[in-house]
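The following exercises are to be worked through with the structure in view. Each task is followed by a solution in steps.

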Amino acid sequence: MITLQGIGSSSGIAVGQALSVGRHELHVPRYRIRAEEIPRELRRFWAARRQAREEIQTLRDNAARKLGSKYAGIFDAHLLILEDRKLGRETVQRVRHRRHNVEWSLAATVNSLLTTLDAVEDPYLRERGGDIVDVHERLQRILAGATNRHAGRLDLTEDTVILAHSLSPSDAIWLNQPRIVGIATEKGGPTSHTAILAAALGIPAVLGVDRLLETAVEGEAVVVDSQAGAVLLQAGETAQEEFRALGVDLRRRATRAVLRGPLHTTDGVEVQVAANLEFPEEMAALERVGAQGVGLFRTEFLWLARGGSAPDEDEHLEAYRRLLSIDLQAPVVIRTLDLGGEKLPSGDARREEEPNPVMGLRAVRYCMAHPGIFRAQLRAVFRAAAETNRVWIMVPMISGLEEWRAVRRFVERVRDELAREGVIVPQVPLGCMIEVPSAALVADRLAREADFLSIGSNDLIQYALAVDRGNSRVAYLHDPWHPAVLRLIRMAVDAGRAAGIPVTFCGEMSSDPLGALTLLGLGVTRFSCTPSQIATVRETVAAASARRWAELVEEASSLPTGREIHDRLDAEASRLLPWRPGGARAAAGPPEVPGSGPVPVPS
Ligand code: PEP
Ligand code: MG
């Protein structure tokens, strides 16, 4: 058996057949052709277009059947691009007149289309860039003769583990089907969007696995053990069975219908555990896991599901209505678009525009720079709030008070506008996310002018420690227990408390039992977690004393390093939660089998 080490994300263990999909870097060959080769070159282009059309049509039909017409719309857009007259005409002209090979001619045409799009005012048209890039990649892959036996197949018949170099959020469409039981990628960190998505879909995932694609054999059994952060290849039948049984056990634990309703620590502190959602469809499963509302609805997935283009007001509204159609007797927090950074379809032209997009025009900055897009979303949120009085709004990536005030004014203007149109909008709490260190440092100021705060540790850690959350090479530095991170969280929690407003915590840290206990010790009582972790977090909280954890965290915080703090708290958590992965599970797990040189992760 070969063991490849990566970063476990999401929880669980899965066994399935290896299926490699996804994107590799595009290598576009460039060479001149002789005049007599022109017809052959053009035939290659037409054949590639035909094949691409068939693939996209299959994808569209399958997506419509399995995921609904909304997702299928992405592929209609792809078909339109594929048939675009300009794309075809210019590529052919380049082949004919410049006598460049078809791959190069196509790439040059696509580049010129993207540049023209960039200058277009209409945001909708501008955003078609992501779709063009997708279609281009498909054509190049076909021209390169790379087989696409699997991409686009939504009709898997065997349990399947998806292997990829990387998966972008827009690849969500691939993952949302029952036969995909595990994911392993070469790139991606613990709080990257692939990780979040996998967790949302309840699929075990291991990311940042070096040499994955060159080592795994297509069609062979792969074990994805996200508890151990390992991908196991060439496991024998017995080992496969053992891992399968462990996976079933973990799933049972995660979905057991225990501990619904009000939740208290052993010393009587009331705690709420809401859900982080990416798709309105996930709402249906929340009641079963005991979620108390939605603490974070990531609306950018509406956008990404359309291949990176802006939904209009009615599309937003329809999604929010679906989200609110199930009443969990608790607020539903809709977060305004958080686009940019890694939340762009891979290959999107905007990645090129900004050398450092994570620090660039992301999230609220993007919204304020595109008032039409922001306004459409806010109008839809207010209209949804007018229909059910359970909506809260929160704004990502606020970095200071001036920005917050400008956002508040903008939101108020949209609200007034609707009021003038006769829509009676209830008071909708407006919350500020604390995910930029500067916001944590001035949280006392922000808390006085916000209706609630919500701490996002994924970005807070990224920005505080200068660790790209999606980069597996630096994932070893991504440390929720780093004393600097704990101090920032404490500042935000204390600020919210002092101002008498709710403080919620929606970063991934709260989906991990030890993370949740640490946060409890820092005074957090409103968690928002990945749905598949809610039952576990509830069980964890119900077994803990808030006072005891406050003392423990206080005492551990005097230790100088994240590792020491973590280990101190972990020792206590293992006593409290013997079932915790890494505790009892490791002892009862499958026998150690010699690996063939795990790739070392710096530690
Ligand atoms: C966070 O940064 O912690 C967060 C919840 O937001 P996202 O993961 O969507 O960036
Ligand atoms: Mg964030």
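**Exercise 1: A residue in a helix**

R60 lies in helix α1 (residues 38-67). The model examined here and in the later exercises is a predicted one.

Task: Determine whether R60 is buried, partly exposed or exposed, and identify which residues R60 is in contact with beyond four places in sequence.

Solution. 
Step 1. The relative accessible area of R60 is 23%. Buried means under 20% and exposed means over 50%, so R60 is classed as partly exposed.
Step 2. With neighbours within four places in sequence left aside, R60 is in contact with A72, F75, D76 and L79.

**Exercise 2: A residue in a strand**

Task: State where T160 is placed, and decide whether T160 is buried or exposed.

Solution. 
Step 1. T160 belongs to strand β4, which comprises residues 160-164.
Step 2. The relative accessibility of T160 is 4%. Because the limit for a buried residue is under 20%, T160 counts as buried.
Step 3. Apart from neighbours within four places in sequence, T160 has contacts with G16, Q17 and L19, and also with R179, I180, V181 and G182.

**Exercise 3: Helices α24 and α25**

Task: Describe how helix α24 (residues 546-556) is oriented to helix α25 (residues 562-576), and characterise their contact by residue class.

Solution. 
Step 1. The two axes come within 9 Å and cross at roughly 155°.
Step 2. Angles over 145 degrees count as roughly antiparallel, and α24 and α25 are therefore roughly antiparallel to each other.
Step 3. Their crossing is right-handed.
Step 4. On the side of α24, the contact is made by R548, W549, L552, V553, E555 and A556; on the side of α25, by I565, R568, L569, E572, A573 and L576.
Step 5. Divided by class, this contact of α24 with α25 has 8 nonpolar, no polar and 4 charged residues.

**Exercise 4: Helices α16 and α17**

Task: Carry out the corresponding description for helix α16 (residues 371-387) and helix α17 (residues 401-420).

Solution. 
Step 1. The helices pack at an angle of about 60°, and their axes are 10 Å apart.
Step 2. This angle makes α16 oblique to α17.
Step 3. The crossing of α16 past α17 is right-handed.
Step 4. From α16, the residues making the contact include F374, L378 and F382; from α17, they include F410, V411 and V414.
Step 5. The class division of the contact of α16 with α17 is 9 nonpolar, no polar and 5 charged residues.

How values were computed: Residues numbered from 1 in each chain as written. Chains lettered and ligands numbered in written order. Predicted model: local features only at pLDDT ≥ 70, side-chain atom pairs only at ≥ 80, totals over all residues. Heavy atoms only, no water. Axes fitted to C-alpha atoms, helices over the stretch in contact; angles between N-to-C directions. Helix = DSSP H or I, 4+ residues; strand = E, 2+ residues; numbered from the N terminus. Parallel < 35°, antiparallel > 145°, perpendicular 65-115°, else oblique. Left-handed = near helix turned anticlockwise from the far one by under 90°. Contact = heavy atoms within 4.5 Å. Nonpolar A, V, L, I, M, F, W, Y, C, P; charged D, E, K, R; others polar. Buried < 20%, exposed > 50% of the residue type's maximum accessible area, 1.4 Å probe, protein only.
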